[in-house]
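Hi,

Here is the structure I promised to pass on to you. Have a look at it first, and then read on for what turned up in it.

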Amino acid sequence: AEVVASAADEHPNVNFLITNTDPEAEMGDYENLDHVETVLPDFVQTGALAGVVAGLMTQTKSIGFIGGMKLPSTTKKYAAYLASAQKIDASITGQYNFEAGFTDASAGVKLTESWIGTDNVDVMWCDASAVDGGVRQALENAGADSHFDIAQPIDIMGDSQPTVVTSTITDWKIDQAMDEIVAGTFGGGKAITANMDNGGVSLGEFSSKIPEDIKSKIEEYAEQVKVGPFVTEDEVNAIKSTL
(Lines give C-alpha, C1' and ligand atoms only; values in the text may rest on other atoms or scores of the structure.)
Protein backbone atom coordinates (compact mmCIF):
# COMPACT_ATOMS: atom_id res chain seq x y z
CA ALA A 1 0.00 0.00 0.00
CA GLU A 2 2.86 2.39 0.78
CA VAL A 3 4.42 1.78 -2.63
CA VAL A 4 1.15 2.40 -4.45
CA ALA A 5 0.47 5.55 -2.43
CA SER A 6 3.75 6.98 -3.64
CA ALA A 7 3.21 5.81 -7.22
CA ALA A 8 -0.32 7.24 -7.28
CA ASP A 9 1.01 10.65 -6.27
CA GLU A 10 3.64 10.52 -9.02
CA HIS A 11 1.25 9.26 -11.72
CA PRO A 12 -2.10 11.01 -11.15
CA ASN A 13 -3.64 9.74 -14.41
CA VAL A 14 -2.94 6.05 -13.73
CA ASN A 15 -5.52 3.81 -12.07
CA PHE A 16 -4.27 1.42 -9.38
CA LEU A 17 -6.02 -1.76 -8.21
CA ILE A 18 -4.45 -3.37 -5.13
CA THR A 19 -5.21 -6.90 -3.94
CA ASN A 20 -5.57 -8.04 -0.32
CA THR A 21 -5.57 -4.53 1.14
CA ASP A 22 -8.24 -3.26 3.52
CA PRO A 23 -8.81 0.41 2.62
CA GLU A 24 -10.11 1.31 6.07
CA ALA A 25 -7.25 -0.29 8.00
CA GLU A 26 -4.33 0.09 5.59
CA MET A 27 -4.89 3.16 3.38
CA GLY A 28 -5.25 5.95 5.93
CA ASP A 29 -1.99 7.60 4.85
CA TYR A 30 -3.07 8.09 1.23
CA GLU A 31 -3.37 11.75 0.34
CA ASN A 32 -5.34 11.08 -2.82
CA LEU A 33 -7.48 8.00 -3.53
CA ASP A 34 -9.11 9.34 -6.70
CA HIS A 35 -7.50 6.63 -8.85
CA VAL A 36 -7.11 3.84 -6.30
CA GLU A 37 -9.29 0.83 -5.45
CA THR A 38 -8.67 -2.48 -3.72
CA VAL A 39 -10.06 -5.97 -4.21
CA LEU A 40 -10.60 -8.23 -1.22
CA PRO A 41 -11.71 -11.84 -1.55
CA ASP A 42 -14.22 -13.00 1.02
CA PHE A 43 -11.64 -14.75 3.20
CA VAL A 44 -14.27 -16.47 5.32
CA GLN A 45 -15.96 -17.99 2.25
CA THR A 46 -12.59 -19.09 0.83
CA GLY A 47 -11.51 -20.69 4.07
CA ALA A 48 -14.91 -22.26 4.64
CA LEU A 49 -14.88 -23.93 1.22
CA ALA A 50 -11.45 -25.41 1.91
CA GLY A 51 -12.60 -26.47 5.37
CA VAL A 52 -15.62 -28.29 4.01
CA VAL A 53 -13.41 -30.31 1.65
CA ALA A 54 -10.83 -30.99 4.35
CA GLY A 55 -13.47 -31.94 6.89
CA LEU A 56 -15.04 -34.46 4.51
CA MET A 57 -11.78 -35.88 3.14
CA THR A 58 -9.67 -36.31 6.26
CA GLN A 59 -9.52 -39.82 7.67
CA THR A 60 -7.17 -38.96 10.53
CA LYS A 61 -9.15 -35.90 11.77
CA SER A 62 -5.97 -33.83 11.50
CA ILE A 63 -5.57 -31.09 8.87
CA GLY A 64 -2.87 -28.52 8.20
CA PHE A 65 -2.32 -25.01 6.86
CA ILE A 66 0.84 -23.06 5.95
CA GLY A 67 0.89 -19.32 5.36
CA GLY A 68 3.85 -17.37 4.04
CA MET A 69 3.39 -14.57 6.57
CA LYS A 70 1.10 -13.81 9.51
CA LEU A 71 -1.19 -11.35 7.76
CA PRO A 72 -4.79 -10.53 8.75
CA SER A 73 -5.97 -12.25 5.56
CA THR A 74 -3.91 -15.38 6.33
CA THR A 75 -5.13 -15.84 9.88
CA LYS A 76 -8.73 -15.24 8.84
CA LYS A 77 -8.45 -17.85 6.09
CA TYR A 78 -7.05 -20.42 8.49
CA ALA A 79 -9.61 -19.65 11.20
CA ALA A 80 -12.48 -20.08 8.73
CA TYR A 81 -10.83 -23.25 7.36
CA LEU A 82 -10.62 -24.92 10.76
CA ALA A 83 -14.02 -23.64 11.93
CA SER A 84 -15.63 -25.03 8.79
CA ALA A 85 -13.91 -28.41 9.10
CA GLN A 86 -15.05 -28.62 12.72
CA LYS A 87 -18.62 -28.02 11.54
CA ILE A 88 -18.24 -31.32 9.71
CA ASP A 89 -16.58 -33.06 12.66
CA ALA A 90 -15.93 -31.26 15.94
CA SER A 91 -13.03 -33.61 16.75
CA ILE A 92 -10.90 -32.37 13.82
CA THR A 93 -7.70 -30.59 14.88
CA GLY A 94 -5.63 -28.11 12.89
CA GLN A 95 -1.88 -27.61 12.58
CA TYR A 96 -0.63 -24.26 11.28
CA ASN A 97 2.45 -22.18 10.51
CA PHE A 98 2.42 -18.54 9.39
CA GLU A 99 6.18 -18.01 8.99
CA ALA A 100 7.17 -20.20 6.04
CA GLY A 101 7.83 -17.38 3.57
CA PHE A 102 6.82 -17.62 -0.07
CA THR A 103 9.87 -18.87 -1.97
CA ASP A 104 11.41 -21.95 -0.32
CA ALA A 105 9.63 -25.15 -1.35
CA SER A 106 11.77 -27.14 1.08
CA ALA A 107 10.05 -25.34 3.98
CA GLY A 108 6.76 -26.85 2.83
CA VAL A 109 8.33 -30.29 2.60
CA LYS A 110 9.81 -30.11 6.11
CA LEU A 111 6.71 -28.76 7.83
CA THR A 112 4.37 -31.22 6.15
CA GLU A 113 6.61 -34.20 6.78
CA SER A 114 6.84 -33.18 10.43
CA TRP A 115 3.06 -32.89 10.81
CA ILE A 116 2.47 -36.18 9.02
CA GLY A 117 4.90 -37.85 11.40
CA THR A 118 3.80 -36.24 14.67
CA ASP A 119 0.16 -35.27 14.11
CA ASN A 120 -0.95 -37.68 11.38
CA VAL A 121 -2.04 -34.82 9.08
CA ASP A 122 -3.59 -36.09 5.87
CA VAL A 123 -5.13 -32.95 4.27
CA MET A 124 -3.40 -29.61 3.64
CA TRP A 125 -4.48 -26.20 2.37
CA CYS A 126 -1.84 -23.49 2.03
CA ASP A 127 -1.28 -19.83 1.18
CA ALA A 128 2.47 -19.61 0.63
CA SER A 129 3.19 -19.60 -3.13
CA ALA A 130 6.27 -21.76 -3.88
CA VAL A 131 6.09 -23.34 -0.44
CA ASP A 132 2.79 -24.95 -1.49
CA GLY A 133 4.69 -27.03 -4.05
CA GLY A 134 6.85 -28.49 -1.30
CA VAL A 135 3.73 -29.36 0.67
CA ARG A 136 2.35 -31.31 -2.27
CA GLN A 137 5.66 -33.13 -2.69
CA ALA A 138 5.62 -34.24 0.95
CA LEU A 139 2.02 -35.40 0.63
CA GLU A 140 2.88 -37.35 -2.50
CA ASN A 141 5.84 -38.97 -0.75
CA ALA A 142 3.51 -40.05 2.05
CA GLY A 143 1.03 -41.55 -0.41
CA ALA A 144 -1.12 -39.68 -2.92
CA ASP A 145 -4.08 -41.99 -2.36
CA SER A 146 -4.33 -41.12 1.33
CA HIS A 147 -2.78 -37.63 1.64
CA PHE A 148 -4.51 -34.75 -0.09
CA ASP A 149 -3.99 -31.10 -0.96
CA ILE A 150 -6.52 -28.34 -1.62
CA ALA A 151 -4.78 -25.93 -3.99
CA GLN A 152 -5.25 -22.15 -4.36
CA PRO A 153 -5.76 -19.58 -5.88
CA ILE A 154 -6.13 -21.22 -9.32
CA ASP A 155 -7.37 -24.64 -10.41
CA ILE A 156 -4.36 -26.96 -10.81
CA MET A 157 -6.10 -30.30 -10.35
CA GLY A 158 -4.77 -32.83 -12.89
CA ASP A 159 -2.48 -35.78 -13.52
CA SER A 160 0.62 -33.69 -12.77
CA GLN A 161 -0.69 -32.95 -9.27
CA PRO A 162 -1.74 -36.34 -7.89
CA THR A 163 -2.46 -35.10 -4.35
CA VAL A 164 -4.72 -32.17 -5.36
CA VAL A 165 -8.38 -33.06 -4.90
CA THR A 166 -9.76 -29.61 -5.72
CA SER A 167 -8.79 -25.93 -5.58
CA THR A 168 -10.16 -22.80 -3.97
CA ILE A 169 -10.21 -20.27 -6.79
CA THR A 170 -9.98 -16.49 -6.51
CA ASP A 171 -11.04 -14.24 -9.40
CA TRP A 172 -9.58 -10.81 -8.66
CA LYS A 173 -12.48 -9.05 -10.44
CA ILE A 174 -10.24 -7.24 -12.88
CA ASP A 175 -13.25 -7.20 -15.22
CA GLN A 176 -15.29 -5.18 -12.74
CA ALA A 177 -12.45 -2.72 -12.26
CA MET A 178 -12.11 -2.27 -16.03
CA ASP A 179 -15.86 -1.69 -16.37
CA GLU A 180 -15.66 1.00 -13.69
CA ILE A 181 -12.75 2.70 -15.50
CA VAL A 182 -14.73 2.78 -18.75
CA ALA A 183 -17.77 4.12 -16.91
CA GLY A 184 -15.72 6.75 -15.11
CA THR A 185 -16.66 5.43 -11.65
CA PHE A 186 -13.33 3.85 -10.65
CA GLY A 187 -11.46 5.15 -7.61
CA GLY A 188 -12.14 6.86 -4.34
CA GLY A 189 -10.54 4.10 -2.30
CA LYS A 190 -13.47 1.72 -2.79
CA ALA A 191 -13.09 -1.98 -2.14
CA ILE A 192 -14.34 -4.61 -4.57
CA THR A 193 -15.33 -7.77 -2.71
CA ALA A 194 -14.72 -11.01 -4.59
CA ASN A 195 -17.20 -13.57 -3.31
CA MET A 196 -19.31 -16.52 -4.36
CA ASP A 197 -22.18 -14.32 -5.52
CA ASN A 198 -20.11 -12.50 -8.16
CA GLY A 199 -17.90 -15.47 -9.10
CA GLY A 200 -14.88 -14.13 -7.25
CA VAL A 201 -14.65 -17.19 -4.99
CA SER A 202 -15.34 -20.76 -6.07
CA LEU A 203 -14.20 -24.36 -5.98
CA GLY A 204 -12.38 -25.87 -8.93
CA GLU A 205 -12.68 -29.26 -10.60
CA PHE A 206 -12.98 -32.30 -8.35
CA SER A 207 -10.50 -35.17 -8.47
CA SER A 208 -11.75 -38.69 -9.09
CA LYS A 209 -10.28 -39.47 -5.66
CA ILE A 210 -13.29 -37.74 -4.10
CA PRO A 211 -16.10 -40.33 -3.87
CA GLU A 212 -19.39 -39.36 -5.47
CA ASP A 213 -21.25 -39.19 -2.16
CA ILE A 214 -18.56 -36.86 -0.77
CA LYS A 215 -18.79 -34.67 -3.89
CA SER A 216 -22.51 -34.31 -3.30
CA LYS A 217 -21.93 -33.33 0.33
CA ILE A 218 -19.25 -30.78 -0.70
CA GLU A 219 -21.65 -29.20 -3.17
CA GLU A 220 -24.42 -29.13 -0.56
CA TYR A 221 -22.19 -27.48 2.04
CA ALA A 222 -20.71 -25.09 -0.55
CA GLU A 223 -24.22 -23.80 -1.25
CA GLN A 224 -24.64 -23.21 2.47
CA VAL A 225 -21.35 -21.26 2.49
CA LYS A 226 -22.67 -19.14 -0.38
CA VAL A 227 -26.02 -18.24 1.17
CA GLY A 228 -24.32 -18.12 4.59
CA PRO A 229 -23.27 -18.03 7.13
CA PHE A 230 -21.94 -21.60 7.27
CA VAL A 231 -19.55 -20.44 9.97
CA THR A 232 -20.24 -17.29 11.96
CA GLU A 233 -17.87 -14.41 12.60
CA ASP A 234 -17.88 -15.39 16.28
CA GLU A 235 -16.76 -18.93 15.42
CA VAL A 236 -14.01 -17.61 13.17
CA ASN A 237 -12.88 -15.01 15.68
CA ALA A 238 -12.79 -17.59 18.45
CA ILE A 239 -10.10 -19.47 16.53
CA LYS A 240 -8.30 -16.30 15.43
CA SER A 241 -7.98 -15.22 19.06
CA THR A 242 -5.88 -18.32 19.79
CA LEU A 243 -3.34 -17.77 17.00
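Let me begin with two helices. Helix 4 (residues 72-88) and helix 9 (residues 233-240) have axes that come within 8 Å and cross at roughly 115°; helices here are DSSP runs of H or I with at least four residues, strands are runs of E with at least two, and both are numbered from the N terminus. Axes are lines fitted to C-alpha atoms, for helices over the stretch in contact, and angles run from 0 to 180 degrees between N-to-C directions. Helix 4 is therefore roughly perpendicular to helix 9 (65 to 115 degrees counts as such). On the helix 4 side, the contact (heavy atoms within 4.5 Å) includes Thr75, Tyr78 and Leu82, and on the helix 9 side it includes Val236 and Ile239.

A word on the basis of all this: the model is predicted, so local features need pLDDT of at least 70 and side-chain atom pairs count only at pLDDT 80 or more, while totals for chains, interfaces and linings use all residues. Residues are numbered from 1 along each chain as its sequence is written, and side-chain values use heavy atoms, with hydrogens and water left out.

Tyr78 and Phe98 make an edge-to-face pair, 6.0 Å centre to centre with 75° between the planes. The two residues are 20 apart in the chain, with Phe98 in the loop between strand 4 (93-97) and helix 5 (105-119).

Another open sheet has three strands in the order 1-2-8, paired in parallel. Strand 1 (16-19) and strand 8 (191-194) each have a single partner, so one side of each is left without a neighbour in the sheet. Four bridges join strand 1 to strand 2 (residues 36-41), and Thr19 has Val39 as its bridge partner.

Enjoy exploring!

Methods:
Pairing = 2+ DSSP bridges. Parallel < 35°, antiparallel > 145°, perpendicular 65-115°, else oblique. Phe/Tyr/Trp six-rings, centres within 6.5 Å; stacked < 30°, edge-to-face > 60°.
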